[in-house]
Amino acid sequence: MKICLFGGTFDPPHLGHLILAQTIYEAEHFDQIVFVPAYKSPHKDRSVVSSVDLRKKMVKIAIQENPNFVMSEIEIDRGGVSYSIDTIIDYKKKTGTDSKKLFYLIGSDSLKTFHSWRNPEQILDECQIIVAIRPGFRPSDIDNKILAKIQFANIPRIEVSSTEIRRRWIEGKTIRYMVTQQIWEYINEHKLYL
């Protein structure tokens, strides 16, 4: 099977995540997109991130109607800081997925700091990195050794962010058309982001 891991805090999961996942699923002919909610992101201020149980539930709600999307609790089960290299190695061990059939999706904004991730060279050896390009990205900003080992995805740019959604919710503005109705209801019911 050709698998794409899609990691993130997903706080909340939004339509940009879902459109990106569906588009890349179709464009790259994946068998499955695996959403991997982080237990603790090494790149986020943990004091402003919702509990892992709330985020896990939101991912389940967001992907429940798409049979091509699944969620893995691999980072949640492991606990601690969620480093991509640990997730990739653990996933390969648990599923027997070959390095050539395992892809890891990141945004071009993350690619700019990829050199500072834990064991970036090993990540490039253990799986295929596929990059969703975001506005303002210039390949010239990236080391040629990294560029030679990654693949860029030709997908639409969806400018929705979880940070923007949380800010709008706090300000009492609508987040309609940014999240699914079920996610809106979950945020409202659990009084998140207030």
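**Close-up views of a predicted model**

**Figure 1. The side chains of Arg167 and Glu171 meet in a salt bridge, at 2.6 Å from N to O.** A salt bridge is defined here as a side-chain nitrogen of Lys or Arg within 4 Å of a carboxyl oxygen of Asp or Glu. The structure is a predicted model, in which local features need pLDDT of at least 70 and side-chain atom pairs count only at pLDDT 80 or more, whereas totals for chains, interfaces and linings use all residues. Residues are numbered from 1 along each chain as its sequence is written, and side-chain values use heavy atoms, with hydrogens and water left out. Arg167 also meets Glu164 in a salt bridge, at 2.5 Å from N to O. Arg167 and Glu164 are three residues apart in helix α8, and therefore about one helical turn separates them. Helices (H or I, at least four residues) and strands (E, at least two) are DSSP runs, numbered from the N terminus. Glu164 is partly exposed, with a relative accessible area of 27%. Salt bridges with shared partners link Glu164, Arg167, Glu171 and Lys173 into one network. Arg167 is partly exposed at 32% relative accessible area, and Glu171 is partly exposed at 43%. In these legends, buried means under 20% relative accessible area, exposed means over 50%, and partly exposed lies in between (1.4 Å probe, protein chains only).

**Figure 2. A salt bridge joins Asp90 and Arg78.** The closest N and O atoms of this pair are 2.9 Å apart. Ten salt bridges are present in the structure. As a general principle, side chains of opposite charge can pair when their charged atoms come close.

**Figure 3. Arg166 is buried yet has no salt bridge.** This residue is found in helix α8, which spans residues 162–170. The nearest side chain of opposite charge is that of Asp11, 4.1 Å away. For charges, Lys and Arg count as positive and Asp and Glu as negative; His and the chain ends are not counted. With residues up to four places away in sequence set aside, Arg166 touches Asp11, Pro12 and Tyr193. Such a contact means heavy atoms within 4.5 Å.

**Figure 4. Asp11 and Pro12 are joined by a cis peptide bond.** The omega angle of this bond is about 5°. Pro12 lies in the loop between β1 (3–8) and α1 (15–28), and Phe10 is found in the loop between β1 and α1 as well. Although Phe10 is not a glycine, its phi is positive, at about 50°. Phe10 counts as buried, at 2% relative accessibility.

**Figure 5. Lys191 has a positive phi near 50° in a residue other than glycine.** Lys191 is found in the segment after α9 (181–189). With a relative accessible area of 58%, Lys191 is exposed.

**Figure 6. Ile155 lies in the loop between β6 (150–153) and α8.** Its relative accessibility is 12%, and Ile155 therefore counts as buried. Apart from neighbours within four places in sequence, Ile155 is in contact with Leu20, Thr23, Ile24 and Ala132. The C-alpha atoms of Ile155 and Gly136 are separated by 15 Å, and these two residues are 19 apart along the chain.

Figure 7. Along the principal axes, the C-alpha atoms fill a box of roughly 45 × 35 × 35 Å. Of the 194 residues, 48% count as buried. Among contacts between residues at least 6 apart in sequence, 70% join residues at least 24 apart.
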